[in-house]
Amino acid sequence: MTDSRNREVQDFQRDVLERSSTLPVVVDFWAEWCGPCRILGPVLERLADQQEDRWILAKVDTDKFTEEAVRYGIQSIPNVKMFFEGKIIGEFIGALPEYAVAQWLKQHLPAKNKNQLEAAKLLISEGREADANSLLAGLIQEDPDNAEAALLLARIVLFTDYQYASRLVKSVDDPKWSYQREMIGTFVHMYEVKDHADHIHDGPARPQYLHAIDAALHQDFREALTGFIAVIRNDRYFDDDGSRKACIAIFRYLGDDHPLTLEYRRDFNNALY
């Protein structure tokens, strides 16, 4: 391939595997005699032209590249595979409609500015959250649809500006990130409960529930988990099952291998069942 519009692969190693080291390469395995291929081809070309900064389209004629067709298990065409850094990271078979192909691309394309994301994660791991904040804010300004960047920044600002964190996660609609979005949303709900505690109905569990929320928002997660689990035991569905949701959010925030998660998960499960 000599330019972005010359899609036909001449050398698979060069035009697909090596080229995928810098941008994802979406490979359309097709043949002249294939009717559905002639339907899908223009769809892929149109989307490639619209998103030329995100991925490259490469068309591989299976009658010419029989060895590659066998190597990648091509038994039915059209067959589309996304290569990145020499590996397949997504695929589908058949002539999907344009909206379905666009959704497939959205779900499988690696995040733009991957190096900046990795740098931000490293800064966070080193405790340099202010530097990570600046890096992620600039990244989101350049790429507003970057879900991972939005969620990372939301985690950083969650305990200092929960309203900003809430705005950040509202833009995330990819199901891949649903757990992280729900986790941030649960903490935002805790802030809203704290700001409007008078809206929480009276009951024996109310003082302990509000105390647990206060502990969670001050990142005293041991005290928070102790309180929420006690509320679950005494009034399982207080505040629309708020204590169960809060425990899950804390576990997700801390991570599965965190000592507090490991210590409290059994008590949490016992309280539920």
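Student: Which residues lie nearest the centre of the largest pocket?
Tutor: In this predicted model, the largest pocket holds about 580 Å³ of space. Its lining is made up of 27 residues. Those nearest the centre of the largest pocket are R54, K106, D145, N146 and A147.

Student: Which helix gives the largest share of the lining of the largest pocket?
Tutor: At least two lining residues are supplied by each of α4 (98-108), α5 (114-125) and α7. The largest share amounts to five residues, and the helix that provides them is α4.

Student: How many residues in the lining of the largest pocket are charged?
Tutor: The lining of the largest pocket includes ten nonpolar and five polar residues. The remaining class is the charged one, and its count is twelve.

Student: How many charged residues does the lining of the second largest pocket have?
Tutor: Five nonpolar and four polar residues belong to the lining of the second largest pocket. The charged residues in that lining number six.

Student: Are α7 and α8 roughly parallel or antiparallel?
Tutor: Helix α7 (residues 147-157) packs with helix α8 (residues 162-170) at an angle of about 165°, and their axes are 8 Å apart. Angles over 145 degrees count as roughly antiparallel. Therefore, α7 is related to α8 as roughly antiparallel.

Student: Is the crossing of α7 and α8 left-handed or right-handed?
Tutor: The contact brings A150, L151, L153, A154 and V157 of α7 against Y162, Y164, A165, L168 and V169 of α8. These contact residues comprise ten nonpolar, no polar and no charged. As for its hand, the crossing of α7 and α8 is left-handed.

Student: Why are α12 and α13 described as roughly antiparallel?
Tutor: The axes of helix α12 (residues 238-254) and helix α13 (residues 259-272) lie 11 Å apart. The two helices pack at an angle of about 160°, and the cut-off for roughly antiparallel is an angle over 145 degrees. It is therefore this angle that makes α12 roughly antiparallel to α13.

Student: How many residues of the contact of α12 with α13 are charged?
Tutor: The crossing of α12 and α13 is left-handed. On the α12 side, R244, C247, I248, F251 and L254 take part, and they meet L260, T261, Y264, R265, F268 and L272 in α13. Eight of the contact residues are nonpolar and one is polar, while the number of charged residues is two.

How values were computed:
Residues are numbered from 1 along each chain as its sequence is written. This is a predicted model: local features need pLDDT of at least 70, side-chain atom pairs count only at pLDDT 80 or more; totals for chains, interfaces and linings use all residues. Side-chain values use heavy atoms; hydrogens and water are left out. Axes are lines fitted to C-alpha atoms, for helices over the stretch in contact, and angles run from 0 to 180 degrees between N-to-C directions. Helices (H or I, at least four residues) and strands (E, at least two) are DSSP runs, numbered from the N terminus. Angles under 35 degrees count as roughly parallel, over 145 as roughly antiparallel, 65 to 115 as roughly perpendicular and the rest as oblique. A crossing is left-handed if the near helix is turned anticlockwise from the far one by less than a right angle, and right-handed if clockwise. Contact means heavy atoms within 4.5 Å. Ala, Val, Leu, Ile, Met, Phe, Trp, Tyr, Cys and Pro count as nonpolar, Asp, Glu, Lys and Arg as charged, and the others, Gly among them, as polar. On a 1 Å grid over the protein atoms alone, a cavity is a set of points where a 1.4 Å probe fits but cannot get out, and a pocket is an open set with protein on both sides within 12 Å along at least five of seven lines; lining residues have an atom within 4 Å of a point. Grid points are joined across faces, edges and corners, and a volume is the space filled by probe spheres set on the points.
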